[in-house]
Amino acid sequence: MSRDLSGLLQHPAIWRGRSAAQLRTLPTGFPALDEGLPGGGWPQAGLIEVLPSGFGVGELSLLLPALATTTRRPEARWCAWVAPPLQPFAPALEARGVALERILMVRPPRQDEREKSALWAFEQTLRSGACDIVLGWLRSALPRQIRRLHLAAERGATLGVLFRPRQAARDSSPAALRIAVEPTVGGARVTLLKSRGGARGAIELFSR
Amino acid sequence: MRHRRALELPFQESHPTPSPAQAPSPRRDDALRPAPAPEAAARAPAELWLAVRLAASSSQPSREALERLGALAQRVTPRVSLDPPDGLLLEVQGSLHLFGGVEAVRREVAGDCSRLRLLCTLAVAPTPLAASALARAARMTGASASPPPITDLAQLVGRLSPLPLATLRWPQDTLERLARIGVRTIGEALRLPRAGFARRFGTAQLQALDRLVGRASDLQHLFQVRARFRRRRELLHELESQAALLAVLEPLLQELGEFLQARQCGVLALECRLWHRLVPPTRCVLRLAAPLADPAQLAALLAERLSALVLPEAVRACELRSGPLVPRVLDSGGLWQPGELGGGAAAQAPQLIERLRARLGAQAVQGLRVVDEHRPEAAWQVREPVIGSPSGRSASGRHQFASRPAVADSGPDDRRPVWLLSRPRLLEARDGLPRRRGPLRLLGEAERIETGWWDGAEIARDYYTAQDARGARLWVFREREPPHRWFLHGVFG
């Protein structure tokens, strides 16, 4: 392709199927995954859904390299954890290169409306523009709620990561990217369930 | 043996009194004066302090009374310092010509005291300590009238000498030791040799003597009137809905915003009181992460708070009270959008924390910190979220890593799980091996953590990484003590 043509194709008014040239992304830290994702990484603004087959199968390790590079940038914003199921272990995060000063824990108090509070806090942190990444754990979310979260993330220029149980894969979701994570013998297998303008299929990742 | 030098008296050596013949320079206005006053030789002090000492018998010699008097006394001079528990110090040299002499200033301050119904003694001297001592001495002797002022540095030591040392509020044992060597008055203390005095009675006391006679400067903390915002509004009819209440509070918040803007200040705490007919008022306190002055933001936070409030009765009056005012540094708006190159989150960050805390409670939003400790449960702590400049942060981060090379470089970190259980969960075991939804497969070798014998929370554990049947990696340990139970302590994310 000549240089003129590639310059022309960068024009924002031209839309091409399966192209994600204008997408701003964060490298995932896994070259194999970067290749499969639209734009070569996690989107910098928008909501993605991670559906692990069980808790602790490697879904957080998938995001830790991106967390580390993001929080270490000089202009880093916060990285918020909304309603995490357990206590994140600070020494382990630090050892993996995450700057702890940028971590913000948001834990709704234990009460009847916990799920509702978590959803509200998730949306607020995404919308505020004070965070680079927001990780959120919700047991259930309706498609219109996910749509709200996605719009909030785009407005705040924030990457929202929603962790839901694997069963949620059957429901439709307006998230830009949906990935399933399964454990393998030496690592994890990531399956792209939905990715706007990216490849589909399974990708074998990190040996551990 | 070295010659023991007596404590210098300022009017003898360090500040020799100039005789009229050797006055440093003839004043230009000498000719204007018909006859040199007899005090021409006297040295006018640079400062003149008026000490106010409240009597213990006055209605309430409390901090509050002192602050009220201090606020009133700022009419006389801007340099007012509190001298708790019962004193006030005013520097009045600059005000003398405005009021017409020491006596007039003293009358003004005495008038303030009687207006507040406080019984007090006033004394004037060139140093704060001397004025206090003079006032305290007058109080001790029970003299009702205030002592005559000392307006001349040359008279200072002479007038102070007969006063008992107890007027200086030194520690009781120091006074007793001085009394044992026969030193009971200030004059006697001033005659003691400096080196020996400092050695036997402490340098603090020597410095106090220096400040007393004006040989060392005595800096005082200036008292500043604490300004608070407080407005109350009676409602025309009783209100029950939070939305209506917020509409009533809106103008009050607007007023608060103007009040704060005029002073270039913000508030860190705001209290809203709602009065009812029968039950005590409902209080709704807002605590902020950073000084705030914007009425719209305050209204949004207050709305969040009010919506969570259960009102016991209809509201008939509401009041807004600010916490202490905090100077606010206005920051300039960013050129970049957040998330863009160079676009930080300095401005949005405190707002986000406040909004979350207003609804979820202060405990719900926290930061994380590592503690140097081998016991996993004690190796982390929550902390206040860091709201700071990125540059300072990265510098501290570097320092932190430089000082903990073992964590940053060596291998075992990969063996720490990302999730930690708040307390270890007992696992069932069969044939000495742990089980959780089927047998666990132990990976790699054990890591022994055996520490904490000094504070009663001793642990002796062998930690393993294990994989369960579903593929989740777990952090489990086996107690070293019999019965060698197995526990689950963490999950690798």
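**Salt bridges, seen closely**

Guide: The side chains of Arg127(A) and Glu123(A) meet in a salt bridge, with 2.6 Å from N to O; the term denotes a side-chain nitrogen of Lys or Arg within 4 Å of a carboxyl oxygen of Asp or Glu. The model is predicted, so local features need pLDDT of at least 70 and side-chain atom pairs count only at pLDDT 80 or more, while totals for chains, interfaces and linings use all residues. Residues are numbered from 1 along each chain as its sequence is written, chains are lettered from A and ligands numbered from 1 in the order in which they are written, and side-chain values use heavy atoms, with hydrogens and water left out.

Arg127(A) and Glu123(A) stand 4 residues apart in helix H5 (residues 114-128) of chain A, and are therefore separated by about one helical turn. Helices (H or I, at least four residues) and strands (E, at least two) are DSSP runs, numbered from the N terminus. An α-helix has 3.6 residues a turn, so residues three or four places apart point the same way. Glu123(A) is buried, with a relative accessible area of 12%, whereas Arg127(A), at 28%, is partly exposed. Here buried means under 20% relative accessible area, exposed over 50%, and partly exposed in between, with a 1.4 Å probe and protein chains only.

Glu304(B) forms a salt bridge with Arg359(B), their closest N and O atoms lying 4.0 Å apart. Because Glu304(B) belongs to helix H11 (residues 295-307) of chain B and Arg359(B) to helix H12 (residues 348-360) of chain B, this pair ties together parts that are 55 residues apart in sequence. Glu304(B) is buried, at 19% relative accessible area, and Arg359(B) is partly exposed, at 32%.

Arg211(B) is joined by a salt bridge to Asp218(B), with 3.5 Å between the closest N and O atoms. In this pair Arg211(B) is partly exposed, having a relative accessible area of 26%, while Asp218(B) is buried, with a value of 16%.

Salt bridges may also be linked to one another. In chain A, a network of them connects Glu49(A), Arg164(A), Asp171(A) and Arg178(A). A search of the whole structure finds 41 salt bridges over all chains.
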